[in-house]
Structure formats: structure tokens, C-alpha cells
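This briefing covers one predicted model.

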Amino acid sequence: MPVSINIELPEVDITIDTSNWYVDEFKNDKALYDSCYELLKDVPDKCGGVYFLYIGDELVYVGRSVDLKMRLASHLVRSTNSKKYINDVTRIDCIKVDDVIDQQIYELHAIKTLKPKYNKSKISN
């Protein structure tokens with residue numbers, strides 16, 4: 001007999017407005033990184049969790065990390081697969097979750113139920 005588990009995502013802890021942040025406007029790497037870390041100033045250092053990237057009101061990507069600030073910075077400076085859409089992201093929501101297993105559960109649940117545009121590989125698995 002299959003077991004049914006009810007999962008609810010926790011409330012968002014941090015919301016970052018990225019609507020006025022555009023990676024291509026920076027003249028050098030130092031300016032880019034300084035601006036990036038200023039944008040992420042409300043994200044605690046070495047804080048794990050799940051994050052949600054939005055373009056307007058559309059959720060486009062869900063991810064998780066044991067260090068949200070570092071992972072979000074890697075998205076924002078276009079050093080990941082997010083290069084094709086990161087300049088269009090207008091908002092990032094974060095849920096602080098320290099336990100790695102809980103991060104995985106919340107991330108997969110969000111991907112399966114919300115079906116973000118750029119998480120196709122995890123949706124099909």
C-alpha cells in the first residue's frame with residue numbers, strides 16, 4: 001500500500017528585489033562582485049536553504065544550497081547555467097533550511113508541484 005506524505009513549504013524568510021540589477025552593466029569584476037554581495041546582504045553567511053527565482057510573477061527556477069549566499073552569487077554573476085535568463089530575474093525568495101535532507105525534500109516538492117520553467121531535468125526524473 002503506497003504511503004502518502006503531506007509536505008508544505010515553509011514561509012519565505014528572505015525576498016530580494018533584483019528588478020534593477022543587470023549583470024552586463026558592470027565595467028569590471030570587482031564592481032560586479034561588490035554589487036552582487038550588496039544585493040545579497042540580507043542573506044546570512046553560510047545559511048542553507050531553498051531558493052526560488054522569478055521573472056515577473058512566473059517562477060522559473062528552484063534550487064537549494066548549503067550556502068545560499070554563495071549559490072545565489074554564482075547565479076547572479078552568470079557563472080552557472082542561469083546565463084540565459086538571470087538578467088530577467090526580478091525577484092529571489094529564500095527559505096532558510098539547515099538540514100540537507102529537508103532542503104532536498106522541499107526543493108523536489110516545489111519542483112514537482114510548481115513546475116518551474118528551467119527545472120525540466122528534475123521534473124522528468
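Across which strands does helix α3 lie? Helix α3 (residues 100-114) lies across β2 and β3, and runs at about 165° to β3. Local features of this predicted model need pLDDT of at least 70 and side-chain atom pairs count only at pLDDT 80 or more, while totals for chains, interfaces and linings use all residues. Residues are numbered from 1 along each chain as its sequence is written, and side-chain values use heavy atoms, with hydrogens and water left out. Helices (H or I, at least four residues) and strands (E, at least two) are DSSP runs, numbered from the N terminus.

**Sheet**
- Four strands form an open sheet in the order β1-β4-β2-β3, with antiparallel pairing; two strands pair if DSSP finds at least two bridges between them.
- β1 and β3 are the edge strands, each pairing on one side only.
- From one strand to the next, the twist averages 20°.
- The antiparallel pairing of β2 and β3 extends over seven bridges, and Tyr54 has Leu59 in β3 as its bridge partner.

**Helix α2**
- Seven of the nine residues of α2 (residues 68-76) are buried, where buried means under 20% relative accessible area, exposed over 50% and partly exposed in between (1.4 Å probe, protein chains only).
- These buried residues are Leu68, Lys69, Leu72, Ala73, Ser74, His75 and Leu76.
- Their cover includes β1 (14-17), α1 (29-39), β2 (49-55), β3 (58-65) and β4 (91-96), with contact taken as heavy atoms within 4.5 Å.
- α2 lies across β1, β2, β3 and β4, at about 25° to β2.
- Arg78, which follows α2, has a positive phi near 60°.

**Packing of α1 and α2**
- The axes of α1 and α2 come within 10 Å and cross at roughly 130°; axes are lines fitted to C-alpha atoms, for helices over the stretch in contact, and angles run from 0 to 180 degrees between N-to-C directions.
- α1 and α2 are therefore oblique to each other, given that angles under 35 degrees count as roughly parallel, over 145 as roughly antiparallel, 65 to 115 as roughly perpendicular and the rest as oblique.
- On the α1 side Cys36, Tyr37 and Leu39 take part, and they meet Lys69, Met70, Ala73 and Leu76 in α2.

**Nonpolar cores**
- The largest nonpolar core has 24 residues, and those with the most contacts inside it are Ile16, Leu40, Tyr51, Leu53, Leu72, Leu76 and Ile92; such a core is a set of buried Ala, Val, Leu, Ile, Met, Phe, Trp, Tyr and Cys residues joined through side-chain atoms within 4.5 Å.
- Two or more residues come from each of β1, α1, β2, β3, α2 and β4, and α2 gives the most, with four residues.
- Apart from this core lies another, of 10 residues, among them Val50, Phe52, Leu59 and Val97.
- Not counting residues up to four places away in sequence, Leu53 touches several residues, including Leu59, Leu72, His75, Tyr85 and Ile92.

**Positive phi in loops**
- Most residues other than glycine have a negative phi.
- Lys46, not a glycine, has a positive phi of about 55°; Lys46 is in the loop between α1 and β2 and is exposed, with a relative accessible area of 70%.
- Lys115, also not a glycine, has a positive phi of about 50°; Lys115 is in the loop between α3 and α4 (120-124) and counts as exposed at 53% relative accessibility.
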